[in-house]
Amino acid sequence: MKMKRFVIVVALAFVSMVSMAQHLKANMDQSVKPGEDFWQYAVGSWLKNNPLDKEHPMNGAFIDLEELNKKRINALIMKYADQKDLPQGSDGQKIGALYRLYMDSVSRNKMGYEPIQPYLKQVRAIKTREEALKLMCDFDAKGFNTAPFGMSLSLNPYNSSEYIISAGHGAASLPQEYYTEPNEQQQAVVAAIKSLNKDYLMMVGNSNADAERMMQAAWAIEYKIGIKTLNQVDQRDPQKIIHIMPWEQLLKDFNGIDWIGYRDALDMPKDIDMVDVSQLEPLHEVEKVLAETSVEDLKAYMELKVVRAYSHFLSDGFTDRAFEASKAISGVQEQEPRWKRAVSVISGNLGETIGKLYVAEYFPAASKQRVYRLVKDLQQAFEDRLKENTWMSDSTKVMALEKLHAIYINVGYPDKWEDMEKFIDIREDQNLVENFIRIEQETRAAKFRKHWRQPVDKTRMGCTPQTVNAFYNPLFNSINFPAAILQPPFFDPEADYVCNYGAVGTVIGHEMSHGFDDQGCQFDKDGNLINWWKAEDKAKYDERTKVLADWFSEQEALPGLKVNGQKSLGENIGDNGGLQIAYRAFENRMKQEPQEAKEGFTPAQRFYLAYARIWASNVTPEFLAYIVNSDVHSPNIFRVNAALPMIDSWYDAFNIQPTDKMFIPKDKRALVW
């Protein structure tokens with residue numbers, strides 16, 4: 001099952017990576033006092049010297065590395081781009097063939113929407129409800145997402161050492177708030193999507209009037225299901241999105257859905273015994289939609305899904321029209337060039353194949369070892385802080401320490417490659433749509449072939465090495481730091497440890513803290529959803545995290561648009577804990593290897609300047625609003641200006657006084673981990 005959201009692909013101009021230690025001062029605006037606006041003080045010159053270009057709605061460290069990545073991956077791809085005689089099925093053949101197919105704009109434009117015409121004909125030929133429901137299942141097997149429900153392979157959150165089938169609703173492409181009481185930005189997003197949908201339907205041969213009718217019918221289905229979904233805050237509560245039941249109960253309680261037909265169409269195992277249903281109410285709404293919606297409206301919904309599923313593999317008219325929608329939503333002005341889009345497609349679908357090449361070329365073993373030491377330093381610092389904790393009882397503290405030391409650490413690349421892409425077959429005598437239908441089918445088959453009824457390997461990384469991000473997996477109790485993020489300004493092997501602790505150290509601490517945030521703290525050391533807290537300890541924890549939730553809810557991103565502190569609580573706990581833990585690790589290291597002031601800044605000051613640097617970014621107002629409305633992360637400015645006033649050592653480092661604008665009395669500061 002794929003419940004896709006309307007995704008804006010963001011990739012920003014590459015800024016050359018320079019040593020963190022050498023350029024902290026160059027980033028700063030020292031005309032501003034650190035206690036008045038630390039963001040402007042620490043990175044004001046960077047913001048001025050790195051304006052947005054027309055291609056990007058946001059820039060900054062993450063996106064700079066994404067751009068560097070695209071250049072690097074493109075260089076890897078180009079080794080195979082002109083080699084048409086490689087053995088069928090070899091890694092090089094797959095990479096080269098997929099690149100050539102994507103870049104062949106002449107053939108794609110000549111075909112127009114021809115690649116999806118056979119599937120549109122099948123939808124348009126539907127006469128009965130039964131035919132519609134059967135074709136929904138058949139088309140889901142091909143990746144068209146025509147069924148407003150689905151099933152996929154997952155883990156049992158109560159016993160994360162076993163695989164289970166998850167089931168749930170689809171159709172709702174946006175968070176619930178976009179359907180119920182949308183604010184101005186959310187209304188603009190909805191309008192842009194509806195306009196795009198109508199134009200897509202016209203582009204495949206429907207008249208203006210028919211396209212309008214079909215778009216409205218498809219939106220009505222999405223709306224009915226969307227208003228029944230949980231809001232973004234409730235979706236963060238594992239207890240509200242987990243409902244495990246026997247397979248037979250699923251068939252009984254949701255008998256308006258042909259689960260057996262869906263299972264068989266997607267060639268899933270027939271020995272399914274237990275199912276985890278994500279949300280009950282919207283799935284019951286799906287039953288009503290399937291039973292009560294007219295056949296013509298179901299066909300309209302399905303036709304739109306067929307167009308949208310693989311629109312980015314059709315002619316330029318489709319990708320250009322999708323970009324126009326992105327412009328309305330994000331404020332971006334120019335579409336990224338075709339080669340960058342090709343890189344994203346190939347890396348996203350041959351991720352492990354590209355990842356092996358990427359690691360061999362760009363990630364030295366020495367970096368893996370240095371980062372691993374940083375992680376162990378952070379783990380020790382977290383242990384120190386847990387042992388010094390004054391609000392948690394000894395029995396709960398023991399459980400927390402056990403979980404901390406059970407965390408599995410992945411640095412750079414996985415210890416074992418999964419080889420899930422071995423049987424993907426890329427054929428140049430077929431169009432992109434047919435190739436990606438096979439990729440969809442083989443990817444699903446490989447997951448079941450590799451995992452169903454097999455032991456769960458919790459050392460799996462779960463992301464490719466070329467991913468510019470970091471992750472905590474609560475069901476694996478693992479932290480994951482792909483190779484691509486382990487570069488300046490996050491990690492600089494040439495810099496002294498001070499800046500590395502302030503940058504990648506806070507990222508490491510952030511991911512560790514996710515194991516103990518408002519979601520992660522509900523899972524035990526083995527990744528099971530089990531309460532390991534004494535009731536009074538959990539009450540104290542909730543009191544402390546409420547300080548963060550309330551504080552971030554006061555932050556105004558745009559006039560009249562404030563951050564939702566409850567929705568972003570997990571990430572804000574991650575930043576709070578990450579800063580506390582990384583600073584303690586820095587202090588521990590200072591005792592062993594003292595550092596002197598550099599560029600006129602003490603080691604403690606450089607720690608916080610390095611932290612601010614990783615969040616430096618410019619952003620369009622439209623995209624800033626989109627982040628606040630749709631993301632669980634706080635905007636970057638608040639990850640500095642709202643996070644640091646909660647950290648005691650920041651006050652000491654910069655001599656922040658009660659008269660300073662950012663000052664918060666000590667008894668009002670959040671102290672969780």
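How many salt bridges does the count come to? The count comes to 41 salt bridges, a salt bridge being a side-chain nitrogen of Lys or Arg within 4 Å of a carboxyl oxygen of Asp or Glu. The model is predicted, so local features need pLDDT of at least 70 and side-chain atom pairs pLDDT 80 or more, while totals for chains, interfaces and linings use all residues. Residues are numbered from 1 along each chain as its sequence is written, and side-chain values use heavy atoms, without hydrogens and water.

| Pair | N to O distance |
|---|---|
| Glu336 and Lys70 | 3.0 Å |
| Arg606 and Asp496 | 2.6 Å |
| Arg669 and Asp648 | 2.7 Å |

Glu336 forms its salt bridge with Lys70. Glu336 lies in the loop between α15 and α16 and Lys70 in helix α3, so the pair ties together parts 266 residues apart in sequence. Helices (H or I, at least four residues) and strands (E, at least two) are DSSP runs, numbered from the N terminus. Lys70 is buried, at 6% relative accessible area; buried means under 20%, exposed over 50% and partly exposed in between, with a 1.4 Å probe and protein chains only.

Arg606 meets Asp496 in a salt bridge. Arg606 is in helix α24 and Asp496 in the loop between β7 and α21, so this pair joins parts 110 residues apart in sequence.

The backbone has some features to note. Most peptide bonds are trans. The bond from Pro488 to Pro489 is cis, with omega near 5 degrees. Asn655, not a glycine, has a positive phi near 55 degrees, and Asn655 is exposed at 53% relative accessibility.
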